[in-house]
Amino acid sequence: MAVQIAPGHRNGLMLRNPVMTASGTFGYGIEYAPIVDIQRLGAIVCKGTTLEPREGNPQPRLAETTAGLLNSVGLQNIGVEAVIKEKSPIWAEWEVPVIVNIAGESVEEYALLATHLEGVAGVSGIEVNISCPNMSAGGMEFGSTPQMAARVTAAVCAATSLPVIVKLTPNVGNITEIASAVAEAGVHALSLINTLEGMVIDIKRRIPILGSITGGLSGPAIKPIAVAMVYKVAKVVNIPIIGCGGIVTASDALEFIMAGATAIQVGTAHFLNPNAALDILNGIEQFMEHEGVHDITEIVGAAHRCD
Amino acid sequence: MMQLIAPVISNKEVTPGMYLLWLHAPGLALQAEPGQFVMLRCGEGCEMLLRRPLSVHRAREGQIAFLFHKVGKGTEWLAQREEGDTLDLLGPLGNGFSVNPAAQHLLLIGGGMGIAPLVFLADKALERGADVTLLYGARAGECLYPEALLPSGINMVTITEDGLPGRSRSVVKKGRVTDITPQFFSQTDQVFACGPVPMYRTLVSQIKSLEKPLQVSLEIRMGCGVGVCYGCTIKTRLGLRQVCQDGPVFDINEIIWEEV
Ligand SMILES: Cc1cc2nc3c(=O)[nH]c(=O)nc-3n(C[C@H](O)[C@H](O)[C@H](O)COP(=O)(O)O)c2cc1C
Ligand code: FES
């Protein structure tokens, strides 16, 4: 079931299967290791990492919604130095590739993060989270205009020899414009989607439930939106797409694959079932056997053939 | 930590709205320490995306018990489980109470549902021959945890806000548990508390002059329970802490109570 995530890169970033874990939902891969056979995963994407450690947002940070989860963690993380010092030596011993998710507040910060990760054993690739606020542009997300998204992409690609994935935000008017701009800027693959902006209100107290008022919605509630975005983006780019958003079962994952995703990421589902990614992998294998699919790439984008 | 499917042995409403759930879970019962918690999957399919954390109320002979209050969707679903059903558990999680093996006199302070982890702590301490005093406060006599279920040998003082004893046969005082705590501090080696935040705030001011170690168990909304989501982070005097991993038990002086 091997898939290549970065055919445009010299090492190709070959994964033994298309099932990855989504950033922020699987820690550094170490936490779930006592109960999940992590070496069987296609890849692990670690928690979003910034240049300096970040404290994150005020409590409450979580709210359960209908088939969804709203979070406002605010990128709390230990910072890139600690990741390199404390986590990467552990990853270097693993068979499963680990991809470091990075987030910055300026183009320079993104490039600097990539520079830090250059040559670090145990790091197999970089996923660039462009859904964070750009402080110099008044807090607007980097991923919200094609120009800004392309600048970040080009800066990271220039700063690293590792395969680079850019993770797109759905909180934009036209995701295909952003996707095209990022692809043109030289990225090896795209992942989508990150969380959708959302909010819940406590009607008894008449206040927003989350400490930072709005947060990011994930889980099954966002799946049809994510599938549509993958489908649309697949029409305009010819680099691999990693589909993400609300995947809980193998059939969810297969929808993304047929919409055009070469690989998929499982996120929020881990909180319900820590073995979700491996259960999904088994389900995909069963589907392929049952449907006589020999190579997963046979069904990547299958849903496009009918239009 | 383990993930397992556990059959329900019994699930009873012991006082109005308060449920005592016993499950068959030998591995978990063996590993669990007082103060630790378990994440229970609630609802069918993706009805509820987050597991619910419940502290271990008791563990013995391959069985594990949880005590919970029916307060929301998750606990409402749990309340309906009956013998023969199974539950998906993840645990034991968190640090648990840290009991000094030399401590002979333990003082436990429980407010409302805060009694849940303290009973397990009392079970274990009594087993090793320590003496245990439980100061237990509840909103009303009718909400009291059934006295008959408490471990034998425990010294208990009960206090209710309505001054009524409910079904309790002992003498019940009227007021809040923190009205009576100060008189007990001096004769104890270690103090453990579990209850609502206002109770902790009062305890902080009482304990200040005493320099007695006091551990409290915190309750917070959790996502994963294992330290991956950063949903449960709080600021403490020692820096950021994840309640699910670094807690739920903390030294009372470590918490910045103005921020909780
Ligand atoms: C608690 C939480 C933390 C997250 N942290 C990050 C992060 O640090 N970086 C990132 O790119 N995405 C982050 N995400 C987004 C997920 O990686 C994923 O894109 C999103 O949740 C949609 O997938 P899902 O519905 O399968 O969870 C986070 C999501 C959640 C729920
Ligand atoms: S609940 Fe997820 S980190 Fe504590």
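**Notes on the interface and the barrel**

1. In this predicted model, 33 residues of chain A are in contact (heavy atoms within 4.5 Å) with 27 residues of chain B. The two chains bury about 2600 Å² between them, 62% of it on carbon and sulfur atoms; buried area is the accessible area (1.4 Å probe) lost on putting two parts together, summed over both.

2. Two salt bridges (a side-chain nitrogen of Lys or Arg within 4 Å of a carboxyl oxygen of Asp or Glu) are found across this interface. A:E64 forms a salt bridge with B:R52, and their closest N and O atoms are 2.9 Å apart.

3. On the side of chain A that touches chain B, the elements giving two or more residues are β5 (62-65), β6 (68-71) and α7 (269-272) of chain A. The most come from β5(A), with three residues. Helices (H or I, at least four residues) and strands (E, at least two) are DSSP runs, numbered from the N terminus.

4. In chain B, six strands close into an antiparallel barrel, ordered β1-β2-β5-β4-β3-β6. Strands count as paired if DSSP finds at least two bridges between them. Strands β2 (residues 18-24) and β5 (residues 63-69) of chain B pair over seven bridges; B:L21 has B:F66 in β5(B) as its bridge partner.

5. Residues are numbered from 1 along each chain as its sequence is written, and chains are lettered from A in the order in which they are written. Local features need pLDDT of at least 70, side-chain atom pairs count only at pLDDT 80 or more, and totals for chains, interfaces and linings use all residues, while side-chain values use heavy atoms, without hydrogens and water.
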